[in-house]
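Here are a few friendly notes to read beside the model. Have the sequence and the 3D view open as you go through them.

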Amino acid sequence: MSPTVNQAPALLCDLDLQATLHSLAKKAACTPLKSRFSLEPNRATRFSGELGPLFVDYAKHHIDTGIITNLCELARQRGLAQQFNALRAGAKLNNTEGRSANYPSLRRWASDEASTSPQDQTIAAMFATMENLTAEIHNGAHRSSTGKVFTDVVNIGIGGSDFGPRLVCDALANQGLGTLRPHFAANIDPSVMTEILATVPAETTLFVVASKSFGTQETRCNAQAARAWLQASLGLEDVSDHFMAVSSKPEAAMAFGVREQYILAVPEWIGGRFSVWSGFGLTVALCAGMNSFRALLKGGYAVDQHVEKQPLESNIPVILGMLDLWYRNAWGMTSQAVLPYEHHLKLLPIYLQQLFMESAGKSVKADGSPLNNATGGVIWGTEGTNGQHSFHQLLHQGSDAIPCDFIASLSSHNPIGEQHQALLANCFGQSLTLMQGQSAADIEQDLIANGMDANAAAQLAQHKAMPGNRPSTTILMDKLDAESLGALIALYEYRLFASSFVWGINPFDQWGVELGKQISQTLMGTLGNPNDNSLSELDSSTTQLVTRYRQAQNK
């Protein structure tokens, strides 16, 4: 049974191209995935490859050499190579904000290729400050207000200022220096800070306030709560020794009360969901070590080199990005599951939700004209094998085919008996089952052979049948470390860029989140002031909710 090729809207305003893609998809759907392996003995090696410290197998997809050629030709026609060149040259690809998006220049700092260009000099200065701040904490030169060496770090940020450092610190938690314990406060929900502050020692806790603008509501509120807690706990008015800041607005951080020498300035063009490569990785350096942070960048740099030097047809991030477009536009698939079979990558699906859904959640092109095609889909998932006991039922027997990424380490930092072997057996077995499936006829025969009544076997077989023919990618690393993680994150970034540039959208802005922020600021006054008469300007539903909040405060 083949996945349904849904009618997708016209791709990139090119009806001939749309017809070609649909023709390719219809033809591809006629050949089951498991048949492709018997028809192409060298399929696995043809559709897989090394990417820095990663091995990527994309053979279990509805592709052949002709389809890859067509998809790469589409990328070529849409100027993908030129867009990548512009990105590396620092062109203002984020046209709505007038900013460049040269994230490879951040990773280049960890190589021997850094130049003396003004941008590279600015980046080198940022990382020199980062190294100095990290060294002062590690060697005890900078201590708490009571003269104690710091033991805990609380990263206060939200969005990219939180997701990236949180992912990396968790991924490397069992292989870092072990001298500083990381904690993360993002949500404005007061329970977050309350629970963190109940577990950390006031005398030896450092707060890293990470905000590009230093005006983000959630971050400022949590930072203010931290300062008030320190003042009350330590009996001191000046607790500035406990604060560092990462921002593109150093003056705003100083106005808050962070000393100038403890502020890590970052360039304005660095966007939140791509910022872990920059000074916003300070908490990573503090907790995992500066060498680990440098290795993270080194892994990303290896992917930069691959993307720059490989032709499109063997360019792994480009191919995966074009497969995202292929399934979204020619097959009508609307989501993607990310399934890390590695406990310390459990936060990866959440990180990728922001990376992909904030970047590709667009309905207009970069020039502002309307799109006539679908763009970004839903990213979701969790760590294996937990997911097998929750949503894998939908992956295997649900009505929609959902492409999956399986990610695993070939060896564990914490081996116990055969448990890691069992983990990989589950990982490989899930991708095999998604591809191969099992027919009702075969199941019926097995049930009868095991003594079941023929009529009962025929009925039960329909419920147990697995359609298979569902695509997946498997990404392997020898062992999870900073370099492998850096390569993995960069792989997903370039995959996003490839599909976004071919769609013609700007993946670097996120205007869709702004209006909700503005309205929430307006409602703050309405909620907190019972004499505010602006309720008459709101719809009846919102008015009802505000009224109930006000009533609850008077109980």
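**Notes on buried rings and pockets**

1. Phe 293 counts as buried, at 0% relative accessibility, where buried means under 20% relative accessible area, exposed over 50% and partly exposed in between, with a 1.4 Å probe and protein chains only. Please keep in mind that this is a predicted model, in which local features need pLDDT of at least 70, side-chain atom pairs count only at pLDDT 80 or more, and totals for chains, interfaces and linings use all residues. Residues are numbered from 1 along each chain as its sequence is written, and side-chain values use heavy atoms, with hydrogens and water left out.

2. Phe 293 has a partner: with Phe 127 it forms a tilted aromatic pair, 5.7 Å centre to centre and with 55° between the planes. (Rings of Phe, Tyr and Trp, the last by its six-membered ring, pair if their centres lie within 6.5 Å; planes under 30 degrees apart are stacked, over 60 edge-to-face, and the rest tilted.) Phe 127 lies in helix H7 (residues 118-138) and Phe 293 in helix H13 (residues 290-309), so the pair ties together parts that are 166 residues apart in sequence. Helices here are DSSP runs of H or I with at least four residues, strands are E runs of at least two, and both are numbered from the N terminus. Phe 127 is buried as well, with a relative accessible area of 0%.

3. By this rule there are 23 aromatic pairs. Another tilted one joins Tyr 103 and Phe 508, 6.4 Å centre to centre with 40° between the planes. Tyr 103 is buried at 2% relative accessible area, and Phe 508 is buried at 4%. Both belong to one aromatic cluster, whose members include Trp 269 and Tyr 494.

4. Where does UniProt place the feature "active site"? The unreviewed entry puts it at Glu 358, His 389 and Lys 517; such annotations may be inferred rather than shown by experiment. The farthest two C-alpha atoms are 37.0 Å apart, so these residues do not all gather at one spot. Of them, Glu 358 and Lys 517 are in the lining of the largest pocket. (A pocket is an open set of points on a 1 Å grid where a 1.4 Å probe fits, with protein on both sides within 12 Å along at least five of seven lines; lining residues have an atom within 4 Å of a point.)

5. His 389 is exposed, with a relative accessible area of 70%, while Lys 517 is partly exposed at 46%. Lys 517 lies in helix H21, which gives the most to the lining of the largest pocket, with four residues.
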